[in-house]
Amino acid sequence: MTPQDARQYAPATERNREPILEVLLEVLPKSGTILEIASGTGEHAVFFASKLRDCLWLPTDVNPQLRASIISWTEHNVCDNVYAPLELDVREPVWQVENGAFDGPNTEPIVAIVNINMIHISPWSACLGLMAGAGRILKAGGILYLYGPFKQGYEHTAASNAAFDQYLRAENSEWGVRNLDDVVAVASAQNLNLKQIYQMPANNLSVVFQRSV
């Protein structure tokens, strides 16, 4: 990596991007702006944007180094349907995207929100903030897509997930694999109804919500 190349790499991205893409192609609207929360390195953003050419991809992250990585990946891949990344903390009561504060190749309404591998490596307040923001931003029919490990019925679905949960909680007592029923309840309170659950590789789930009203 050269000083001008701020790209970072997340090994899990190459492993999970194709299975995630299959679900996104099925559930996302065919056009409009897709808001990605906690975009990380930006590898997902440029990959998905390259496959969803009629959509505009709006990446965000709270970490300035990761936002720099997103910019570098976008420049490296010459993605003309990816906005410049925004700083966004889901726990804020108003997100700057609610004021239309993003510049890109076009200005299309946000029709879906994508959030990959965040709520288990952040405090529960981040999940609450994510749902509140999605409830404010998405119009009727809008999609919220989550990906990651989840408990079901307050039980881990695999020994590897239980070990991962223990590791996360040792790193930060506020982190941990979330129980899906709790996530669904918080979403429902924001008029985001569970639409479908997809079993994914490595004991992960794709969880799709739709804004009802």
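Tutor: Start with the term itself: on a 1 Å grid over the protein atoms alone, a cavity is a set of points where a 1.4 Å probe fits but cannot get out, while a pocket is an open set with protein on both sides within 12 Å along at least five of seven lines; lining residues have an atom within 4 Å of a point. Grid points are joined across faces, edges and corners, and a volume is the space filled by probe spheres set on the points. This is a predicted model, in which local features need pLDDT of at least 70 and side-chain atom pairs count only at pLDDT 80 or more, while totals for chains, interfaces and linings use all residues. Residues are numbered from 1 along each chain as its sequence is written, and side-chain values use heavy atoms, with hydrogens and water left out.

Student: How many cavities of 30 Å³ or more does the structure hold?

Tutor: The structure holds 1. The largest cavity has about 40 Å³ of space.

Student: Which residues line the largest cavity?

Tutor: Among them are N115, M118, H120, Y147 and F150. Helices (H or I, at least four residues) and strands (E, at least two) are DSSP runs, numbered from the N terminus. Strand 4, residues 143-148, gives the most to this lining, with 3 residues.

Student: How is the lining of the largest cavity divided by class?

Tutor: Ala, Val, Leu, Ile, Met, Phe, Trp, Tyr, Cys and Pro count as nonpolar, Asp, Glu, Lys and Arg as charged, and the others, Gly among them, as polar. The lining of the largest cavity has 6 nonpolar, 3 polar and no charged residues.

Student: How much space lies in the largest pocket?

Tutor: About 730 Å³. Of the 31 residues that line the largest pocket, A38, G40, D61, N117 and I121 are the closest to its centre. Helix 1 supplies the largest share of that lining, 5 residues. By class, the lining has 15 nonpolar, 10 polar and 6 charged residues.

Student: What is the volume of the second largest pocket?

Tutor: The volume is about 270 Å³. Of its 14 lining residues, R15, Y147, P201, A202 and N204 are the closest to the centre. Helix 1 gives the most to this lining as well, with 4 residues.

Student: Is T13 buried or exposed?

Tutor: Buried means under 20% relative accessible area, exposed over 50%, and partly exposed in between (1.4 Å probe, protein chains only). T13 has a relative accessible area of 6%, so T13 is buried. T13 lies in helix 1.
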